[in-house]
Amino acid sequence: MDTMAPSLTRLHEHTLELIDAGSGRPIVFLHGGDGIDPRWPVLTHLAGLGRLVAPSHPGFGHSALPAHFRSVDDLAYAYLDLFEQMNLRDAVLVGVSLGGWIAAEIAVRSTARIGHLVLADAVGIRCATDETAADIADVFSLAPVDVEARAYAEPARWRRSYDDCSDDELLVMARNREALSLYGWSPYLHNPILRHWLHRIDRPTLVLWGAADRITTPDYGRAWAEGIAGAQFTLIDNAAHHPHIEQAERFAKEIARFAGLAGSATA
Amino acid sequence: MKIWQFTEQAYFPAWDPAHESLRNSLPNKFLDPQVAAGLYSRYTDEWQLCDELGINIMVNEHHQTATCMTASAHVPLAILSRITKKARLLCLGHQIGNRQDPVRVAEEIAMIDCYSQGRYEMGFVRGGPFEIWPANAQPVGQTRRFGEAYRLIMKALTTHDGPFNWEGEFFHYRMVNIWPRPLQQPHPPAWFVSIGSGPGAWIAEQRGKLGTFLTGRDSKILFDVYRKRWREMGWGQAPADQLGYLAIVAVADREEEAKRRAHQIAGYIRTGAQLSMHFFNPPGYVPPQANAQAMRMSTRKDYVPAYATVVMSDGSRVHQGRATIDQLIDAHVAFVGTPDQVYEQIKAYNEFVGGCGNLLIMAQGGDLNHADTVDSLTLFSREVMPRLQALPLDAMATAA
């Protein structure tokens, strides 16, 4: 298994942990609420397709949490700044789960540096009209074993014991959980008005979804696709909320096909 | 030494070990409102008896739980403000880091202080981790929100020259101008709770009263932190009246009967942890470093975190929820026995901590019935309290 070495960069006065690997057209990968693991095969696949830029969101991983950050708005503006700082152009912007929400918030603000948009099992919008209905399974209220069962098609395969984690990995897990709460406690992992601004997304968009996802169901994914003009919707079998983990190669191939990325042989 | 009676007003009929959680998620179909109505009357009668016995009253609040039916501390305190005559009325307390409207809290404080002719004492608490869900309060930054709510409440209580503006990190008001204003000037005494040693210094800086619950020998550590900071502030020795300790208290003519009563009251401790594990640890409630450490320890067999234990006289630690009554007595967590025994136990605790001016007694808890509660409270007031008044307090603190 290849490991992508993250490095620390400066974004304004704050430290941002970032994987910057491969070359060619930029592929910006925004992780979900569980953070990013440099050992994920999907990162190698994507770095074979172009220049992979994969940050840990402020507050996640080893990225600093600026004291004034409190919403996904802050993340969207921070990444618009990062696009400028790195002079990324015609980027393929890929976001999974929380990262999908951030990607959409970026795109409704500006698509100037985005060529293609990929939203995978994204949280971020409100679909249900019944006030008592939850679109997104509550990862803060469900027992961890229930979250796992909803998030993975094969939970046992991906489960890691704390005993197998280094102290630093445990600290990162704790930071990730805290940051997810900061950005998504209430309203729960969505922006109630985001759907009304999705018409501003004027780039080809692919909505990728794990067929077995029970954190955000495929129907919720279809609502994303319906909200963005011309968006494609593609299901990935044998995957739930983390298709980039459970079906890494297929995930990368779908992105390559959609965005017209040739790349090297890994994908 | 001031004495305060406390009960959680438990809905003990729903205490079934088969329930995974007694808090947060237990459906309220397990509460019979007719039974609840009867229990509220009974618990109120017991507080009213305390007033007649010369015992002060403390009320707290918890939410969505069979362990405590006091969903609003101010509801019983408002009632007690009119049906009691002498008792001080302590709210310990408001979870102001979770509440959405601190100004409303200030208004209620002022009202109850007036209703009670200035017998009200206010208390501000962070609340247990599981309280995050019923309040739906963002757990990240909760201590900062607590601090801002406290500053806002104090300013609302002490500002008398017209509306002021508040635009903070968490709260926004354009015209704060509460009516009425508290009867006690400049404001009723303020209490805070410390279970770990973290907040003690800050509480001292506020000149607040520090209460600690069921912490046994560890309470001395908390009191020392407080007294040290008080001295550093240049205020000399902190009066013992600034410190309070809550313990289980059961008195009877016979030791065995007192222990039986204590066992029933200690149902509070045994059921307190009957809760799905993940409700104990909302994200951000403790720093990531502490959470990482908790994850590391969680896979160790039979690991019990220090906060869930009490210190025995031989220095060993015992799991609070599994401790016997004899162990709880040894740990100063419960004062139990005949009046003579209870007096000696409290005297020993007072000496150990270097003087504690407020004893908060949990003389009702769990399914202890009305007759036993009345008997225990009456014996305590007649046989123990007069002797406690002679205990040295401040003199001991100076020596400590």
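This is a predicted model: local features need pLDDT of at least 70, side-chain atom pairs count only at pLDDT 80 or more; totals for chains, interfaces and linings use all residues.
Biologist: Why is the pair Asp90(A) and Arg25(A) called a salt bridge?

Modeller: A salt bridge is a side-chain nitrogen of Lys or Arg within 4 Å of a carboxyl oxygen of Asp or Glu. Helices (H or I, at least four residues) and strands (E, at least two) are DSSP runs, numbered from the N terminus. Over all chains, the count comes to 39 salt bridges.

Biologist: Why is Asp90(A) called partly exposed?

Modeller: Buried means under 20% relative accessible area, exposed means over 50%, and partly exposed lies in between (1.4 Å probe, protein chains only). The relative accessible area of Asp90(A) is 42%, so Asp90(A) is partly exposed.

Biologist: What makes the pair Glu169(B) and Arg70(A) a link between chains?

Modeller: Glu169(B) forms a salt bridge with Arg70(A), the closest N and O atoms being 3.7 Å apart. The pair crosses from the loop between β5 (164–167) and β6 (172–176) of chain B to the loop between β4 (51–55) and α2 of chain A. Glu169(B), at 30% relative accessibility, counts as partly exposed, and Arg70(A), at 40%, also counts as partly exposed.

Biologist: Why are α2(B) and α3(B) called roughly parallel?

Modeller: Axes are lines fitted to C-alpha atoms, for helices over the stretch in contact, and angles run from 0 to 180 degrees between N-to-C directions. Angles under 35 degrees count as roughly parallel, over 145 as roughly antiparallel, 65 to 115 as roughly perpendicular and the rest as oblique. The axes of α2 (residues 74–83) and α3 (residues 102–115) of chain B come within 9 Å and cross at roughly 20 degrees, and the two helices are therefore roughly parallel.

Biologist: What makes α1(B) and α2(B) oblique to each other?

Modeller: The axes of α1 (residues 33–53) of chain B and α2(B) come within 11 Å and cross at roughly 45 degrees. The pair is therefore oblique. In contact (heavy atoms within 4.5 Å), Thr44(B), Trp47(B) and Gln48(B) in α1(B) meet Pro76(B), Ile79(B), Leu80(B) and Ile83(B) in α2(B).

Biologist: How do you know that Gly321(B) is partly exposed?

Modeller: Gly321(B) has 23% relative accessibility and therefore counts as partly exposed. Gly321(B) lies in the loop between β11 (317–319) and α11 (325–330) of chain B. Not counting residues up to four places away in sequence, Gly321(B) touches Ile269(B) and Arg270(B). Gly321(B) and Met295(B) are 26 residues apart in sequence and 21 Å apart in space, C-alpha to C-alpha.

Methods
Residues are numbered from 1 along each chain as its sequence is written. Chains are lettered from A and ligands numbered from 1 in the order in which they are written. Side-chain values use heavy atoms; hydrogens and water are left out.
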